[in-house]
Amino acid sequence: SCTPEFRNISIMDLQSRIFPVFINIINNSIYWVQRREGNNKEILLSFQDNEIYISDDGPGVDVDDLGSLFTRKQKGGRGVGLYLCKQNLMAGGHSIRYEVRDTFKKLSGANFAIAFKGLIND
């Protein structure tokens with residue numbers, strides 16, 4: 001789902017640079033949320049404090065993997081997707097981070113925060 005705040009923003013950059021970032025992170029969320037027990041599986045796109053959050057209620061990232069999360073291949077990882085996301089974003093002057101502070105998380109699992117240069121909030 002998307003919050004109304006997320007629906008009201010515009011990102012000023014090449015679609016070919018931005019779409020793969022969203023696709024990769026959402027695909028990762030789908031993969032991990034499906035492996036969670038229970039019927040309520042949620043992925044949320046939101047906007048707060050000039051950052052876009054892509055959040056899910058899956059298991060989140062293991063604390064031991066946080067240091068290598070955006071590297072070419074993390075131990076036991078499934079590919080180079082997050083590394084490429086970070087590189088795509090950096091090419092446009094943007095940044096991505098994994099939110100570890102509980103008070104800033106939107107959902108209980110993985111929470112990625114993206115700061116876009118030139119973001120328009122309608």
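Is phenylalanine 70 buried or exposed? Phenylalanine 70 is buried, at a relative accessible area of 16%. The cut-off for buried is under 20%, so this residue falls inside it. The model is a predicted one.

## Aromatic pairs

The model holds 5 aromatic pairs. One of them joins phenylalanine 22 and phenylalanine 116. Their ring centres are 6.4 Å apart and their planes meet at 5 degrees, so this pair is stacked. Planes under 30 degrees apart count as stacked. Phenylalanine 22 belongs to helix α2, residues 15-34, while phenylalanine 116 sits in the loop between β5 (111-115) and β6 (120-121). The pair therefore ties together parts that are 94 residues apart in sequence. Both phenylalanine 22 and phenylalanine 116 are buried.

Phenylalanine 70 has a partner too, phenylalanine 112. Here the ring centres are 6.2 Å apart and the planes stand at 80 degrees, so the pair is edge-to-face. The cut-off for that class is over 60 degrees. Phenylalanine 70 is in the loop between β3 (51-56) and α3 (81-91), and phenylalanine 112 is in strand β5. Parts 42 residues apart in sequence are therefore tied together by this pair. Phenylalanine 112 is buried, with a relative accessibility of 5%.

## Around phenylalanine 22

What aromatic cluster does Phe22 form with other residues? Phe6, Phe22 and Phe116 make up one cluster. Phenylalanine 22 also touches Ile11, Ile52 and Ile54, leaving out residues up to four places away in sequence. Phe6 and Phe116 are on that contact list as well.

The relative accessibility of phenylalanine 22 is 11%, so it counts as buried. Aspartate 62 is 40 residues away along the chain from phenylalanine 22. The C-alpha atoms of these two residues are separated by 21 Å.

## Charges over rings

Two residues are placed over aromatic rings as follows. Arginine 101 has its charged end over the ring of phenylalanine 104, 3.9 Å from the ring centre. Lysine 106 lies over the face of tyrosine 53. The distance from lysine 106 to that ring centre is 4.4 Å.

## Helices α2 and α3

How do the axes of α2 and α3 cross? They come within 9 Å and cross at roughly 150 degrees. Angles over 145 degrees count as roughly antiparallel. The two helices are therefore roughly antiparallel to each other. The crossing of α2 past α3 is left-handed.

The α2 residues are Ser16, Arg17, Ile18, Pro20, Val21, Asn24, Ile25 and Asn28. They meet Gly81, Leu82, Cys85, Asn88, Leu89 and Ala91 of α3.

Aspartate 13 is in the loop between β1 (9-10) and α2. Its relative accessibility is 25%, so aspartate 13 counts as partly exposed. Which residues does aspartate 13 contact, leaving aside neighbours within four places in sequence? They are Ile18, Gly92 and His94. Histidine 94 is 81 residues from aspartate 13 in sequence. In space the two are 9.9 Å apart, C-alpha to C-alpha.

Glutamine 15 lies in helix α2. At 55% relative accessibility, glutamine 15 is exposed. From glutamine 15 to lysine 86 the C-alpha distance is 15 Å, and 71 residues separate them in sequence.

Most residues other than glycine have a negative phi. Aspartate 49 has a positive phi of about 50 degrees, although it is not a glycine. Asparagine 50 also has a positive value, near 65 degrees, and is likewise a residue other than glycine.

Where do these residues lie? Aspartate 49 is in the loop between β2 (43-48) and β3. Asparagine 50 is in the loop between β2 and β3. Aspartate 49 is exposed, with a relative accessible area of 55%. Asparagine 50 is exposed at 58%. The cut-off for exposed is over 50%, so both values qualify.

Methods:
Residues numbered from 1 in each chain as written. Predicted model: local features only at pLDDT ≥ 70, side-chain atom pairs only at ≥ 80, totals over all residues. Heavy atoms only, no water. Phe/Tyr/Trp six-rings, centres within 6.5 Å; stacked < 30°, edge-to-face > 60°. Helix = DSSP H or I, 4+ residues; strand = E, 2+ residues; numbered from the N terminus. Buried < 20%, exposed > 50% of the residue type's maximum accessible area, 1.4 Å probe, protein only. Lys NZ or Arg CZ within 6 Å of the ring centre and 35° of its normal. Axes fitted to C-alpha atoms, helices over the stretch in contact; angles between N-to-C directions. Parallel < 35°, antiparallel > 145°, perpendicular 65-115°, else oblique. Left-handed = near helix turned anticlockwise from the far one by under 90°. Contact = heavy atoms within 4.5 Å.
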